[in-house]
Amino acid sequence: MLRHLVPDAVRRPFARYSHAVEIPAGARLLLVSGQLGISPEDAIPEGAEAQATLCFAAIAACLAEAGMGPADIVRLNAYVTDRAHMAGYMAARDAFIADPPPASTLMIVSGFTRPEFKVEVEALAAKAD
């Protein structure tokens, strides 16, 4: 059983995330590489929210392949290329993640391998069997 922590000694999270998630001994771990906002057919939507939705769809596929789901995510690391993309990313994230939410970090970066990419998301999941 995962334990999500939001200690009283730490300021409440700015958005929908936990400050920490404790993983029990013996849990299986799944590390999902950074996923970009590109469809299996190589389509890249213009907007950050649409790209983030594709990122989370790819993460969901990786989770399913491992017999896991969004509730098993313990940490997200996300990268956007501009502060203007934060709201779109966060809308897609909040639609995808389960309650209680995972630990999460969002960073603004200068860019990705191709200039049309606005969002990249990586995940860490754990499941006790």
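This is a predicted model: local features need pLDDT of at least 70, side-chain atom pairs count only at pLDDT 80 or more; totals for chains, interfaces and linings use all residues.

1. Leaving aside neighbours within four places in sequence, Val121 is in contact with Ser33, Gly34, Gln35, Cys55, Phe56, Ile59, Leu76, Asn77, Ala78 and Tyr89.

2. Val121 also belongs to the largest nonpolar core, which has 21 residues. Together with Phe56, Ile59, Leu63, Leu76, Tyr89 and Val119, Val121 is among the members that touch the most others. At least two residues of this core come from each of strand S3, helix H1 (48-65), strand S4 (73-80), helix H2 (86-96) and strand S6 (119-127). The most is given by H1, with six residues. Another core, of six residues, lies apart from this one and includes Leu2, Val21, Ala27 and Ala126.

3. Gly88, Tyr89, Ala92, Arg93 and Phe96 of H2 are buried. Viewed down the helix axis, these buried residues fall within an arc of 130°, and therefore line one face of H2. They pack against H1, S4, strand S5 (103-108) and S6. Ala87 and Ala95, on the other side of H2, are exposed.

4. The surface also carries nonpolar side chains. Ile23, Leu29 and Leu31 form a nonpolar patch there, with about 300 Å² of accessible area together. Ile23 is placed in the loop between strand S2 (20-22) and strand S3 (28-36).

Terms used:
Residues are numbered from 1 along each chain as its sequence is written. Side-chain values use heavy atoms; hydrogens and water are left out. Patches are made of residues with over 30% relative accessible area and no salt bridge: like charges are joined within 9 Å, nonpolar side chains (Val, Leu, Ile, Met, Phe, Trp, Tyr) within 5 Å. Accessible areas come from the Shrake-Rupley method with a 1.4 Å probe; for residues, only the protein chains shown count as cover. A salt bridge is a side-chain nitrogen of Lys or Arg within 4 Å of a carboxyl oxygen of Asp or Glu. Helices (H or I, at least four residues) and strands (E, at least two) are DSSP runs, numbered from the N terminus. A nonpolar core is a set of buried Ala, Val, Leu, Ile, Met, Phe, Trp, Tyr and Cys residues joined through side-chain atoms within 4.5 Å. Buried means under 20% relative accessible area, exposed over 50%, partly exposed in between (1.4 Å probe, protein chains only). Contact means heavy atoms within 4.5 Å. The arc is that of the directions from the helix axis to the C-beta atoms.
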